[in-house]
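Please look through the two chains below before reading on.

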Amino acid sequence: MLKYILSIIVTALLAFLSGIYMPWWGIAIAAFLVSAAIPQKPSFSFLSGFLGVFLLWEVLAWWIDNKNNGILSQKVASLFKLGNSSVLLIVITSIIGALVAGFAALAGSYLRRLIYPVPPAETV
Amino acid sequence: MIFKAETRSMKFVPFLISSAITILLIIAFNTRWGPVPPLGEFLSPQHGFWQNAEPIDKDFGQDLQLTGLKEPAEIYLDDRLVPHIFASNEDDAFYLQGYLHAKFRLWQMEFQTYAAAGRVSELIGPAGLNYDREKRRLGMGYAAEKAVAEIEKDPVSKAEADAYTAGVNAYISNIKESELPIEYKLLGYKPELWTNLKTALFLKFMSLDLAGYETDFEYTNLRSRLGYLTFNKMFPITQDSMDPVIPVDTFSRFPGITLKTPRGYDSSYLQNMDTTSVHSSKPDKDNGSNNWAISGIKTKSGSPILCNDPHLGLNLPSLWYEMQISCPSFNAYGATFPGAPGVIIGFNDSCAFGFTNAMRDVRDYYEISYKDDSRKEYWYNGQWVPTDFRFEHILLKDTAEYIDTVAYTVFGPVMYDKSFSGNKKTNNKYYAVRWKAHDPSNELMIFNGLDHAKNYSDYQQSIKWLHTPGQNVVFASKNGDIAITAQGEFPAKWKRQGDFVMPGTDSTYQWQGMIPQSENPFMYNPERGFVSSANQYPVNPLTYPYYLGGDYHNYRALTINHFLNQTNEIGIEDMMKLQLDTYNPFAGMAKPVLMKNIDTADMSPDESKYYDLLKDWDLHYDADGKGSSIFNIIWDSLKSVVWHDELESVGMPGFYPANSTLLEGILRDSAYEFLDDINTPEKETLRHDVNLAFKKAVLTCKNLEREGRLTWSKLRDTRVEHLAKIDAFSRHDIENGGGEYAINAVKKDHGPSWRMIVQLTKNTEAYGIYPGGQSGNPGSQYYDNFVDNWAAGKYYPLWMMAKDEETDKRVKAIIRVTKQ
């Protein structure tokens, strides 16, 4: 459980840093590296990658939107035919980042298993 | 061993599958799908559109280091985000203007030059090809290249343009990808560096908007099918109710150019029977404006007042960007064009200046006779003359390029030929366009001159630089002078020259010269105490020694001049009221004719309902009234009843005569000849046509009312659209009064684009507003924050800031700029 929470936090932090220095897909590298470094079951790795970036993007988008009074998110939501809903746009934003990060974390976790095979007892 | 290897490779499978999914997701979200931008990039809060969501409490203040700056300078941003530049030399002033235009309006300024140059296909693909070819074939790039050469020939304009360009590029070179305007992110491209050519392209874009209107092909068809005599009655060259800009003859009785009408032009030109299938797109014919200046003898303060409201397409980001530019050699405030240096409409410490469109026809067509389809040689003055070819490379988004080979003749580029008709119809003729905007000129100098002007003689010197688009330039100064000049370099034409396509086989139909600038009509401190213009005839077309051509609007001027003639002790509030006036003088003349002829006996309940609404209408375009709508619907219906038979007989591109022609026809003569429907044996009368039109109109009114669209602001449906027509970035359903014939000429997507009032008292008192906002960013609260106040008829005080007012509470942020 501790590893799981730690993974989420580290993924979010690393993904945030990647956003400063790299293109948007840096989040995939961040999630991949974290799950390759912190051993977890693949399903948990996926979830921690997913949640790490989901929460990061959710918080960032919400923070920006709040400071902007929703001026732009409403326009973009209407552009994407989301019925002017800023909330929906923020959720979609987060899910897209989260999906990429989740699968990257899954790949990282499987890579770790290739290099450090897991004792049979740990596999489920 | 084999078994072991199998388990090992089996273990690769989940890794490979999850890696593959990750990579596919990244590729999918990094790819543009039709109009959908790459979602990963676009939605990433650290890269995409969220970065354009500007915090409400954003502090615009900063310390900025720029390489091209000579001396330290300050930019004060006030509470409306209007910048006040204080530089210690002119180069720095224009450099910072360029920097600010780019900082707040980068996407717009570049997009406008793409549109001007015919490069829209680069952004939207083959859908833009027809538009681009039209711009290329009109020679927009050719004209801009000539203008740059002219700008760079003069050291003053060269320094100004170079400094401006360097300032724009100082911003572009340092921009981070996440800071790119949202339109770049949506459409998927990046800004290029700015050049002086782009500035020239922008100026040519304005020339096209203001001096690109022509009706040559439609007129040619109408003349050929109806005969010149009938055509001349339907499209007369003068009007009964007119009040020219210059009401008295101030021009020389002995013109500098003696015109020779081509021999035999009556039969080979006026009576010519040729028709054409060309379809030329046109700028809005109501690109017009109001301006006036009132002498101190008629004002409350005793000082002159100057007013201007240019009527142009209403867009977001707005065409205008407000600013003050201050340096030791000048101090000017007003509306600027993102894309060009200088203050365009505004005032300085000594005087104020404004513009309305001159409406003259400076774009004509000649039919070229080519030896063969290769277009290599054409017949001119008795011999075969070689063509110059200009290859226009149009890049299509993501695909190949399209090369349009445009032939240039002695007249100009062959705009329409077998490969391009402007529409889908085939065209087998060759039409070369002679456009005044092709001639070398340096319009930057007029704005430079006016920004520096101290008095009337500076004004006179400055406006000489304005060749195209021709404008009525109004002027007032603190020493009490007022003036107006119908300025431009206009071709000297004989009567009806260039109204129809002209023969291009020799020089007899070419323009024979330009009207000497000294013969441009002007008025200086007239006895009546004011000067004004509103796109009406510049002078009486029957007495001016040259043919005016063009398309004029005479009604707004009647209301303006009536008020200014009648009123003394004029104050700023009176000017605001006048600019916002919604009286419809056209309806004032037309409504009585309708009322007199509509039969009130045996009316259906609907008919009497709309009749009563019309009867009670007070002739103002009120936002929530229905009278204006009903009048317009009846009038449109009458127009179609009267003209449809004539137009049907033409059967080619053409259009209805002006509203004024029909109105004056029926006012003069109730048996106006065109009232008769030529398709029926009976002789229709005015009463018949009006009643037929009324009955048809009642049905239209009823349907509109059922849909809730009969009130005037609903029917007119004014919107301020985003330049790339992105609905979410546009403002719709603007509710205010005004309409085509009112001084407050608000139409669907067109109207007073900058209202300005300047009272030249010792301390200048000025007011202004435009329907937009200072920021071009749809994610900024300053994107459209003026729109509602504009619609409500409010004004902002225009603050000519002094250097020692740095601590004034209107200063919201300070940008201190130093040399890097």
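**A strand pair and its surroundings**

β7(B) and strand β8 (residues 330-336) of chain B pair in the antiparallel sense over seven bridges, where two strands count as paired if DSSP finds at least two bridges between them, and where helices (H or I, at least four residues) and strands (E, at least two) are DSSP runs, numbered from the N terminus. This is a predicted model, in which local features need pLDDT of at least 70 and side-chain atom pairs count only at pLDDT 80 or more, while totals for chains, interfaces and linings use all residues. Residues are numbered from 1 along each chain as its sequence is written, and chains are lettered from A and ligands numbered from 1 in the order in which they are written.

A hairpin of two residues links β7(B) to β8(B), and Cys327(B) stands opposite Phe330(B) in β8(B). With strand β3 (residues 83-86) of chain B, β7(B) pairs in the parallel sense over three bridges, and there Gln324(B) of β7(B) is the bridge partner of His84(B). Strand β7 (residues 321-327) of chain B is mostly covered, since seven of its seven residues are buried; a residue is buried if 20 or more other C-beta atoms, placed from the backbone, lie within 10 Å of its own, exposed if 12 or fewer do, and partly exposed in between. Both faces of β7(B) are covered, with Tyr321(B), Met323(B), Ile325(B) and Cys327(B) buried on one side and Glu322(B), Gln324(B) and Ser326(B) buried on the other.

These strands belong to an open sheet of 11 strands with mixed pairing, in the order β1-β29-β2-β3-β7-β8-β9-β10-β18-β19-β21 of chain B. Its edge strands, each pairing on one side only, are β1 (62-66) and β21 (522-524) of chain B.

Seven bridges join β4(B) in antiparallel fashion to strand β5 (residues 305-313) of chain B, with Asn291(B) opposite Asn308(B) in β5(B). Four bridges join β4(B) to strand β22 (residues 530-533) of chain B, again running antiparallel, and the partner of Trp292(B) in β22(B) is Ser532(B).

Not counting residues up to four places away in sequence, Phe475(B) touches residues including Ala293(B), Cys351(B) and Tyr456(B).

Finally, 33 residues of chain A are in contact with 33 residues of chain B, contact meaning that the C-beta atoms, placed from the backbone, lie within 7 Å. On the side of chain A that touches chain B, the elements that give two or more residues are α1 (2-21), α3 (42-67), α4 (71-79) and α5 (86-115) of chain A, and α5(A) gives the most, with 13 residues.

Technical notes:
Two residues are in contact if their C-beta atoms, placed from the backbone, lie within 7 Å.
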